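Here is a short report on a two-chain model. Look at where the chains meet before reading on.

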Amino acid sequence: MEIRNKRSFYLGCFVLLIGYTFYLFVRGFDPLGIIENPFEIVPLIEIKGLSKSLPTFLHVLSFCLISHGLFSYNPFLTSSFWVSINLIFEYLQHPSSLFTLMGTFTFEDVLAAFLAGFIFLVILKFCPKFKQVKFKPLSRWDDYLKVIAQIVISVAGISSIMASSDTEHFPRENAIYLSYEELRRPLTIQFDRPLKNTGKIYTFNNYLFISEPNQGIHIYDNSDTTNPISKGFIVLPGNLDIAIKNGFLFADSFIDLVIIDLSNPVQPILAKRIENVFPYDAYQVFDPEESIYLYNLDESKGVVIGLSK
Amino acid sequence: MYKNNKLIVLLFILILQGCDDSSSSTSTESTVGQAGSLSRFSIVDNYLYAISGKNIQLFDITTPNETVPFALVPVAFDIETLFSYNNALFIGAQNGVYIYDNSVPGNPKYISEFSHAESCDPVVISGSHAYITLRSANNCRLGVNQLDVLDVSDIYNPILKNTVVMQGPKGLGVDSTRLFVCDGIAGLKIFDLTDPILPNLIHTESDLDCYDVIANNGLLIVSDQSGLVQYQYDFLTSGISLLSSIFVE
């Protein structure tokens, strides 16, 4: 069976490709499931505002064009069909619906669907090259093929919405931030703070240091290795590594390097803080084995220290 | 597939010489401390080297409380660890190891790279042999769990000598003829290195599920799931004796 309107079909495929690229580079996942974690290959591009409804828009537009290209039905019918499909799925994302699809119902998405349907009709109206071409079956098989093709495209369209329900693959999480001001507050030392999590270790003379990952550094007097004595805990958000020379402790604190004077180990003093010297890593505090996608990441708010529920 | 930077891909050497020649007991003052094998920081001379994204960020620490960023040396996007050994800098990355000449501290220069150890874990060196653990985890490409032994008598040309199968090795530490490897839930494994190419498993402390160790002068410090545990070891017997534990609460 031949493609009724090749122009429309290819444009539709192209728009679909744009949508796919959007998912790779902006949402950070592959709806086809081929690439496991695309956001690790290329950094995600942040976009704002209305462009969040772009997938819905592109989906309606691309499938209208594709099905018009293949079957050339009444354009209004085609447009209505695909807009409706998207509206149904949009509705399913609303908490009030019978069963919910993972996602967020937004009015912008509804608008985007209608807009795309409208633009499709506009294209057909004003571009003669996209006109409807009457279907002339060349044989009975053409009829059957057409039906099969319609079913296939419908299924493809519907399952692509489900595949792109990115919240299934990546629960959209909102970050909790520690403001830069909070991060750079004067050094605090806590006493009798229990060890909750073990990280990297470091020894210097008779002292033993252990990083509690992303929280701070425990200090122990290890002169008697059968009885190490806790000397305090340096609160240091975002800490992972330690190095010491001549009684000065160098430690990372998210994007900063701090230098702490330990000449009196029970009274650590911040000697210097070098700001913004390490790269901003929004996922630093999370277990690398977890799949997390931080939605609406805003670096200006501070460093990410957790997820809000 | 490349993994999130967070993952521990390390080629690293314990800074045995970071402790100067006073490698003996804790009564001697050291100018530089000792890190575990997973550290991303390394102090060489008056410089702090730190893995920072795709680069090594150098800091001039001649006057520590006036530390300033000194130079940024771009290496590769997947670097995870670094260690210095004999005027060379070994930078561990997911795809292999980059070797830099560090004879002029503060001015590392690229020499070569070898891509044998493609994985997530650190390296320690004893004498002229390097011991690398490779671990398969979500983020590690190779999907193998093993201990590799390399001959690094010519540091510009490391040669793989042996591979020992492991379960899920993480940090490790070496002191003369004793090699300590955290092998995930399989426990802490202790090898005898009388023949450096043929690590001989002499003891397993199976209750431990450790992250990293520091072994120096008979004192073994373990960062374990259960807490911070210390043992005594020697070079004549195969076992270790518990000194103290600080348990996680």
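## The interface

About 4500 Å² is buried between chain B and chain A in this predicted model. Carbon and sulfur atoms give 61% of that area. The size of an interface is often given as the accessible area lost when the parts come together. In terms of residues, 59 from chain B are in contact with 48 from chain A.

The rule finds two salt bridges across the interface of chain B and chain A. One of them pairs A:Asp252 with B:Arg40. Their closest N and O atoms are 2.9 Å apart.

Which strand gives the most to the side of chain B that touches chain A? Strand β19, residues 219–224 of chain B, does, with five residues.

## Chain B as a whole

Chain B has 21 strands and zero helices. It has 249 residues, and 60% of them count as buried. Take the contacts in chain B with a separation of 6 or more: residues 24 or more positions apart account for 42%. Chain B exposes about 9300 Å², with carbon and sulfur atoms supplying 49%.

## A nonpolar patch on chain A

Four residues make a nonpolar surface patch of about 420 Å²: A:Leu115, A:Phe118, A:Val122 and A:Phe126. A:Val122 lies in helix α4 of chain A, which covers residues 107–126. A:Val122 is partly exposed, with a relative accessible area of 30%.

Conventions:
Residues numbered from 1 in each chain as written. Chains lettered and ligands numbered in written order. Predicted model: local features only at pLDDT ≥ 70, side-chain atom pairs only at ≥ 80, totals over all residues. Heavy atoms only, no water. Patch = residues over 30% accessible without salt bridge, like charges linked within 9 Å, V, L, I, M, F, W, Y side chains within 5 Å. Areas by Shrake-Rupley, 256 points an atom, 1.4 Å probe, with all protein chains shown as cover. Salt bridge = Lys/Arg side-chain N within 4 Å of Asp/Glu carboxyl O. Helix = DSSP H or I, 4+ residues; strand = E, 2+ residues; numbered from the N terminus. Buried < 20%, exposed > 50% of the residue type's maximum accessible area, 1.4 Å probe, protein only. Contact = heavy atoms within 4.5 Å. Buried area = accessible area lost by both parts, 1.4 Å probe.
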